[in-house]
Amino acid sequence: MAITVSPSDALIIVDVQNDFLPGGALAVPEGDRVVEPLNRAAALFEAKGLAVFATRDWHPENHCSFKAQGGPWPPHCVAGTPGAAFAPSLRLPTSTIVISKATTPERDAYSGFQGTELADLLRRRGVKRVVVGGLATDYCVLNTVKDALAHGFQVLLLTDAIRAVDVKPGDGDAARAEMERRGAVPITVADLA
Ligand code: VGL
Ligand code: ZN
């Protein structure tokens, strides 16, 4: 299925940060596998002069999602640390717009839209459809896709460029089913032209 991308499309790369890759503080199994397909998608968008957004988890040291504060996760993606940096193998176009989220101690934000300017920035550019991939399928990809649909954007989900934490086995599959039930269209990077 060839899908030609145009200026009404934007690519959203979700949280491809060192702490979510193998060896990181909150490693997503096979998280590194999203990098190569996302590099291909980013290169296509860059070649066509289309918008690329990269979200990042950007927590304070005492973030509420960390176990020491009663949250579910080990400390991860503390702003400015190597773990919070984008994967060095991820080739982001120089024009990439970076969206930092979950930056205050008291609130978590799994969605790139939550507490950020992302929706406004997309609308201002005339974007109608977003192409989404990254980490993790069952948390930040799921919530970013749900919010994109709630804001009225069409969503193409890059199924070869997402991986799940799978705290419970099947969480990733359930997240994917939920995204599709809400209207996200599953594609692979090879479908993009
Ligand atoms: C994420 C767990 C905690 C994600 C962020 O990016 O999916 N998951 N913080
Ligand atoms: Zn987090």
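## Terms and model

Two residues are in contact if their C-beta atoms, placed from the backbone, lie within 7 Å. Helices (H or I, at least four residues) and strands (E, at least two) are DSSP runs, numbered from the N terminus.

This is a predicted model, in which local features need pLDDT of at least 70, side-chain atom pairs count only at pLDDT 80 or more, and totals for chains, interfaces and linings use all residues. Residues are numbered from 1 along each chain as its sequence is written, while chains are lettered from A and ligands numbered from 1 in the order in which they are written.

## Overall fold

The protein chain has four helices and six strands. Their order along the sequence is β-α-β-β-α-β-α-β-α-β. The C-alpha trace spans about 45 × 35 × 30 Å along its principal axes.

Of the 193 residues, 47% count as buried. A residue is buried if 20 or more other C-beta atoms lie within 10 Å of its own, exposed if 12 or fewer, and partly exposed in between. Among contacts with a separation of 6 or more, 77% come from residues 24 or more positions apart.

UniProt lists residues 10-191 as "domain: Isochorismatase-like" in an unreviewed entry; such annotations may be inferred rather than shown by experiment. The end C-alpha atoms of residues 10-191 lie 15 Å apart. That span is 25% helix and 20% strand.

Helix α3 covers residues 137-150. Twelve of its 14 residues are buried, so the helix is largely enclosed by the rest of the structure. Among them are Lys146 and Asp147, as well as Val141, Leu142 and Val145. The buried residues of α3 pack against β1 (9-14), β2 (51-57), β4 (129-135), β5 (154-163) and α4 (171-181).

The largest nonpolar core has 60 residues. Such a core is a set of buried Ala, Val, Leu, Ile, Met, Phe, Trp, Tyr and Cys residues joined through C-beta atoms within 7 Å. Leu11, Ile13, Phe53, Val130 and Val132 have the most contacts inside it. The elements giving two or more residues to this core are β1, α1, β2, α2 (118-124), β4, α3, β5 and α4. Leaving aside neighbours within four places in sequence, Val132 contacts residues including Ile12, Val14, Val141, Val145 and Leu157.

## Ligand 1 shell

Ligand 1 is surrounded by Asp15, Phe20, Leu26, Asp57, Ser65, Trp73, Leu135, Ala136, Tyr139 and Cys140. A residue is near the molecule if its C-beta atom, placed from the backbone, lies within 6 Å of it. The shell divides into seven nonpolar, one polar and two charged residues. Here Ala, Val, Leu, Ile, Met, Phe, Trp, Tyr, Cys and Pro count as nonpolar, Asp, Glu, Lys and Arg as charged, and the others, Gly among them, as polar.

## Backbone features

A cis peptide bond joins Leu135 and Ala136, with omega about -15°. Ala136 sits in the loop between β4 and α3. Just after α3, Gly152 takes a positive phi of about 95°.

Glu30 is in the loop between β1 and α1 (35-47). It counts as exposed, with 12 C-beta neighbours inside 10 Å. Cys77 is in the loop between β2 and β3 (97-101). With 26 such neighbours, Cys77 counts as buried.
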